Amino acid sequence: MRDMVMGRKNHYGSKSKRGTEVAALFYSLIETARLRGEEPGHYLRRAALAAIQNPEAVTLPESQD
């Protein structure tokens, strides 16, 4: 959780609502990966590829289990 608190503190002064929303999205994806026991970088790559393959759907990548 400390990473997220520090990120929130750093982005507080960005003066960009869109930037804050994007940061929140990435924080959520990174924490989801950690909770699932996956490496966040790999998880984000799979999420991006899933979004490119099916841009009309909002889905998380399938588990690697």
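Helix α2 contains 19 residues and spans 27 Å from its first C-alpha to its last, close to the 27 Å expected at 1.5 Å a residue. The structure shown is a predicted model, so its confidence values deserve attention at the outset. The mean pLDDT of the protein chain is 76, and 65% of its residues reach 70 or more. Among the elements of the chain, α3 has the highest mean pLDDT, 86, whereas helix α1, residues 2-11, has the lowest, 59. Where pLDDT is low, the predicted coordinates should not be read in detail.

In α2, the buried residues are Ala23, Leu29, Ile30 and Ala33. These residues lie on the same side of α2, because they cover an arc of only 125° around the axis. Lys17 and Leu35 are exposed, and they are carried by the face of α2 turned away from its buried side.

Just after α2, glycine 37 adopts a positive phi of about 75°. The loop between α2 (17-35) and α3 (40-53) also holds glutamate 38. Is glutamate 38 buried or exposed? Its relative accessible area is 14%, and because burial is defined as under 20%, glutamate 38 counts as buried. The side chain of glutamate 38 also makes a polar contact, at 3.3 Å, with the side chain of arginine 36.

The start of the next helix is marked by a cap. Glutamate 39 caps the N-terminal end of α3, with a side-chain oxygen 3.0 Å from the backbone nitrogen of glycine 41. Helix α3 itself has 14 residues and reaches 20 Å from its first C-alpha to its last, close to the 20 Å expected at 1.5 Å a residue.

Which residues of α3 are buried? They are Pro40, Tyr43, Arg46 and Ala47. Because these residues cover an arc of only 125° around the axis, they are placed on the same side of α3. On the other side of α3, the exposed residues are His42, Arg45, Ile52 and Gln53.

What covers the buried residues of α3 includes α2. Alanine 47, a residue of helix α3, is buried, with a relative accessible area of 13%. The C-alpha atoms of alanine 47 and leucine 29 are separated by 8.6 Å, although the two residues are 18 residues apart along the chain. Leucine 29 is itself one of the buried residues of α2.

Definitions and conventions: Residues are numbered from 1 along each chain as its sequence is written. This is a predicted model: local features need pLDDT of at least 70, side-chain atom pairs count only at pLDDT 80 or more; totals for chains, interfaces and linings use all residues. Side-chain values use heavy atoms; hydrogens and water are left out. Helices (H or I, at least four residues) and strands (E, at least two) are DSSP runs, numbered from the N terminus. Buried means under 20% relative accessible area, exposed over 50%, partly exposed in between (1.4 Å probe, protein chains only). A polar contact is a pair of N or O atoms within 3.5 Å; within protein, one must be able to donate a hydrogen and the other to accept it, and residues adjacent in sequence count only if both atoms are side-chain atoms. The expected span of a helix is 1.5 Å times one less than its number of residues. The arc is that of the directions from the helix axis to the C-beta atoms. Contact means heavy atoms within 4.5 Å. pLDDT is the predictor's confidence in each residue, from 0 to 100.
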